[in-house]
Amino acid sequence: MALINEHFLKLRGNYLFSDIAKRVNAFKVTHPEARLIRLGIGDVTRPLPPACIEAMHRAVDEMASADTFHGYGPEQGYDFLINAIIKHDFAPHGISLSASEVFISDGAKSDTGNIGELLRWDNSMAITDPVYPVYVDSNIMCGRSGVLGEDGKWSNVTYLPCTAENGFVPAIPDHRVDLIYLCYPNNPTGTTLTHAQLKRWVDYALANDTLIIFDAAYEAFITEDDVPHSIYEIRGAKKVAIEIRSFSKTAGFTGVRCGYTVVPKEVTAATLEGERIPLNPLWNRRQCTKFNGTSYITQRGAEAVYSPEGQRQVKDTIAYYHDNAKLMLDGLQKAGFQVFGGVNAPYLWVKAPDGMTSWKFFERLLYEANVVTTPGVGFGPSGEGYIRLTAFGTHEDCAEAMERICKWA
Ligand code: PLP
């Protein structure tokens with residue numbers, strides 16, 4: 001008899017988005033005539049940049065001929081993409097990386113979920129709260145999170161509340177943790193940290209021998225000067241941080257699938273005896289064993305993001321979403337809502353009026369404005385009393401949703 005990994009049974013029954021889908025479906029059954037506007041799930045709506053499409057067409061044609069066909073590629077990714085990443089995403093910020101420090105993947109979800117395999121199950125960990133659910137759920141699966149308390153918190157997880165009261169800047173823990181996940185620009189709150197604020201985290205990690213998993217999936221949305229694009233802009237970060245990025249929101253690759261993870265040569269973790277082990281060769285071994293590389297066609301598409309045309313096209317797409325975010329931010333503020341984010345991120349984090357819970361606010365907007373949002377409490381206890389809106393819809397939908405919500409307010 002095969003015994004299961006019982007940690008899977010601890011996962012909470014309903015994944016947030018299936019819970020939302022159920023409620024939306026129930027609404028649709030009773031209101032078949034209503035036109036719903038969906039500002040809930042964080043998927044993009046703009047098509048791929050033409051430069052990526054053309055590059056992928058060319059790559060498909062290469063597959064048609066024995067001379068140019070590509071079979072298994074390097075598990076770590078092709079040099080043409082890795083070199084473009086280093087040249088465009090890091091060198092302009094004064095960060096030098098070697099090609100063997102960058103691992104191409106099929107997206108940031110897999111990497112944020114898989115990276116924990118390098119670490120013992122009994123490491124202590126911290127997350128900002130609210131948080132992208134993958135960090136917590138992947139740690140539940142390996143038993144690292146402990147047991148769920150009645151307050152909705154896991155016993156081995158330090159929760160760092162991010163709320164309007166602290167300006168969404170998580171307090172440095174008053175104790176040491178082995179592992180911390182940071183995501184900036186942040187999903188779900190849409191907020192960021194300044195250089196000085198992120199430096200406090202790097203300094204904490206250096207002083208406490210903590211590993212930081214830094215998720216920069218929304219880096220392309222940064223507009224303000226004082227917001228770091230990479231954690232490696234902070235001195236010493238290469239010793240303590242792994243950075244994960246994605247082409248999903250940058251270039252519309254949510255359905256194509258490509259991302260990458262930077263594991264600097266300097267970053268280490270310890271054996272029980274205290275021997276320092278570099279994580280780079282471990283991640284390389286993990287990927288070579290369990291991952292057979294991102295497809296050649298996809299990587300050629302991702303490379304085209306860095307071509308001059310690709311860069312222009314990506315900028316236009318991001319500007320489209322930024323315009324949506326601005327329209328939503330202005331509209332909601334005028335209607336008297338307390339709103340956060342939306343400047344360096346495609347997410348707006350809206351405080352529910354009159355002390356309403358997240359789910360109540362969600363239901364009222366669904367039934368009374370026919371707008372689908374995401375209840376903040378689904379991202380963690382400190383998300384209670386908020387909802388998340390995404391700026392990934394069309395201009396028309398975003399504008400109409402704002403009109404409806406403002407009228408409702
Ligand atoms: N990290 C964060 C914070 C996200 O919000 C998302 C997707 O919504 C991801 C990672 C997943 O990105 P990918 O599409 O590259 O798997």
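**Helix packing, sheets and burial**

Modeller: Helix α12 (residues 358-369) lies across β12, β14 and β15, running at about 50° to β15. Here contact means heavy atoms within 4.5 Å, and axes are lines fitted to C-alpha atoms, for helices over the stretch in contact, with angles from 0 to 180 degrees between N-to-C directions. Helices (H or I, at least four residues) and strands (E, at least two) are DSSP runs, numbered from the N terminus.

Colleague: What kind of model is it, and how are residues numbered?

Modeller: This is a predicted model, in which local features need pLDDT of at least 70 and side-chain atom pairs count only at pLDDT 80 or more, while totals for chains, interfaces and linings use all residues. Residues are numbered from 1 along each chain as its sequence is written, and side-chain values use heavy atoms, with hydrogens and water left out.

Colleague: Back to β15, then: which sheet does it belong to?

Modeller: β15 belongs to an open sheet of four strands, in the order β11-β12-β15-β14 with antiparallel pairing, where two strands pair if DSSP finds at least two bridges between them. The edge strands β11 (339-341) and β14 each pair on one side only.

Colleague: How many bridges join β12 to β15, and how many join β14 to β15?

Modeller: Five bridges join β12 (residues 347-351) to β15, and two join β14 (residues 374-375) to β15. Arginine 388 in β15 has tryptophan 349 opposite and also threonine 374 opposite, while lysine 351 has tyrosine 386 as its bridge partner in β15.

Colleague: Is β15 enclosed or open to solvent, and which way do its residues point?

Modeller: Five of the five residues of β15 (residues 386-390) are buried, so the strand is largely enclosed by the rest of the structure; buried means under 20% relative accessible area, exposed over 50% and partly exposed in between, with a 1.4 Å probe and protein chains only. Tyr386, Arg388 and Thr390 point one way from the strand, and Ile387 and Leu389 point the other way. In a regular strand the side chains alternate between the two faces of the sheet.

Colleague: Changing topic, what covers the buried residues of α1?

Modeller: The cover includes β1 (37-38), α12, β13 (371-372), β14 and β15. The buried residues of α1 are Leu16, Phe17, Ile20, Val24 and Phe27. Seen down the axis of α1, these buried residues fall within an arc of 80°, taken from the directions from the helix axis to the C-beta atoms, so they line one face of the helix.

Colleague: And what does the other face carry?

Modeller: The face of α1 turned away from its buried side carries the exposed residues Val29 and Thr30.
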